[in-house]
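User: I'm new to reading protein structures. Could you walk me through one, feature by feature?

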Amino acid sequence: MIMTRSQKETRKHPGCGNIVTFAQFLFIAVEGFLFEADLGRKRPAIPIRYYAVMVTMFFTVSVVNNYALNLNIAMPLHMIFRSGSLIANMILGIIILKKRYSIFKYTSIALVSVGIFICTFMSAKQVTSQSSSSENDGFQAFLRWLLGIGALTFALLMSARMGIFQETLYKQFGKHSKEALFYNHALPLPGFIFLASDIYDHAVLFNKSELYQVPFIGVTVPIMWFYLLMNVITQYVCIRGVFILTTECASLTVTLVVTLRKFVSLIFSILYFQNPFTLWHWLGTLFVFVGTLMYTEVWNNLGTTKSQLQKEDKKD
């Protein structure tokens with residue numbers, strides 16, 4: 001449901017990603033300023049300069065991901081591509097943290113890579129075939145799609161780098177999920193000044209959308225503002241849950257939960273919006289999903305749990 005609200009907005013207004021992101025950041029920042037920062041009287045446990053680096057990456061990733069939707073990137077491909085965060089984290093972990101992994105995990109990364117490649121390649125064929133009748137228009141659409149793929153790749157790697165940076169901060173200063181949530185959304189707010197004209201233009205478009213009577217309270221508002229409100233609320237619940245999860249569970253567990261959420265959102269997107277999704281897309285999605293499960297060693301954990309239960313049964 002979280003992604004469905006956002007998709008409904010971007011479906012009606014494909015360039016509305018900036019106003020959606022701004023509303024999400026503003027809501028979370030105001031809530032954090034009131035209840036976490038205690039109106040600015042509470043000093044942060046992690047120095048502001050570290051948050052400044054983190055939010056620069058966080059803000060960049062959010063804006064670039066939203067901008068990719070303007071570059072012939074379909075929402076299902078957008079979600080599938082972003083689900084490749086495991087491979088990005090592994091690559092940067094090897095390069096930056098000098099980590100080494102088992103053959104089993106390298107195999108899972110290969111599956112994720114093949115899955116993303118299949119979906120990317122098939123979407124490229126769809127973009128070319130669904131473009132205008134002239135070859136020039138088709139070629140221009142394909143170039144825009146390539147630019148969108150480049151934007152998604154950059155955002156994917158930047159997000160992985162941010163995760164590594166966040167991991168080192170938590171090891172040094174301890175885990176402060178609510179504080180991190182607040183500063184990650186409050187500090188980037190001045191950056192939206194550069195997007196002010198786009199945000200204003202879409203606010204005007206939102207005002208011109210059809211009227212909608214809000215259930216139970218009977219208030220009539222433009223329907224796009226109602227969609228935006230629902231998106232902000234559900235996104236707040238989602239992102240707060242993720243930040244809390246990072247302090248309570250291992251990073252692999254968090255990654256698995258987030259990937260499963262993306263997979264469910266993908267299914268909702270296909271069914272609700274009737275996006276073109278071929279058997280090749282399903283195969284690619286399956287590879288990404290199975291590769292993610294292999295990476296997190298779910299089957300090994302299930303086997304260990306089963307053997308422990310059998311031992312307990314024998315004792316009884």
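User: Where do we start, and how much accessible surface does the protein have?

Analyst: Accessible areas are worked out with the Shrake-Rupley method and a 1.4 Å probe, and for residues only the protein chains shown count as cover. Here the accessible surface is about 17,100 Å², and 66% of that belongs to carbon and sulfur atoms. A heads-up: this is a predicted model, where local features need pLDDT of at least 70 and side-chain atom pairs count only at pLDDT 80 or more, while totals for chains, interfaces and linings use all residues. Residues are numbered from 1 along each chain as its sequence is written, and side-chain values use heavy atoms, with hydrogens and water left out.

User: What share of the residues counts as buried?

Analyst: Buried means under 20% relative accessible area, exposed means over 50%, and partly exposed is in between (1.4 Å probe, protein chains only). Of the 316 residues in this protein, 46% count as buried.

User: How many helices and strands are there?

Analyst: Helices (H or I, at least four residues) and strands (E, at least two) are DSSP runs, numbered from the N terminus. This protein has 13 helices and two strands.

User: Let's pick α5. What span does that helix reach?

Analyst: You get the expected span by taking 1.5 Å times one less than the number of residues. Helix α5 covers residues 85–96, so 12 residues, and reaches 16 Å from its first C-alpha to its last, close to the 16 Å expected. Its buried residues include Leu-86, Ile-87 and Met-90. After α5 comes Lys-98, with a positive phi near 60°.

User: How many aromatic pairs does the structure hold?

Analyst: Rings of Phe, Tyr and Trp (its six-membered ring) pair if their centres lie within 6.5 Å; planes under 30 degrees apart are stacked, over 60 edge-to-face, and the rest tilted. The structure holds 10 such pairs. Among them, Phe-182 and Tyr-183 sit edge-to-face, 4.8 Å centre to centre with 65° between the planes. Both Phe-182 and Tyr-183 are buried. Phe-206 and Trp-225 are edge-to-face too, at 5.3 Å and 80°. That pair links distant parts of the chain, Phe-206 in α9 and Trp-225 in α10, 19 residues apart.

User: Is Gln-24 buried or exposed, and what does it touch?

Analyst: Gln-24, in helix α2, counts as buried because its relative accessibility is 12%. Contact means heavy atoms within 4.5 Å. Leaving aside residues up to four places away in sequence, Gln-24 touches Asn-231, Val-232 and Gln-235.
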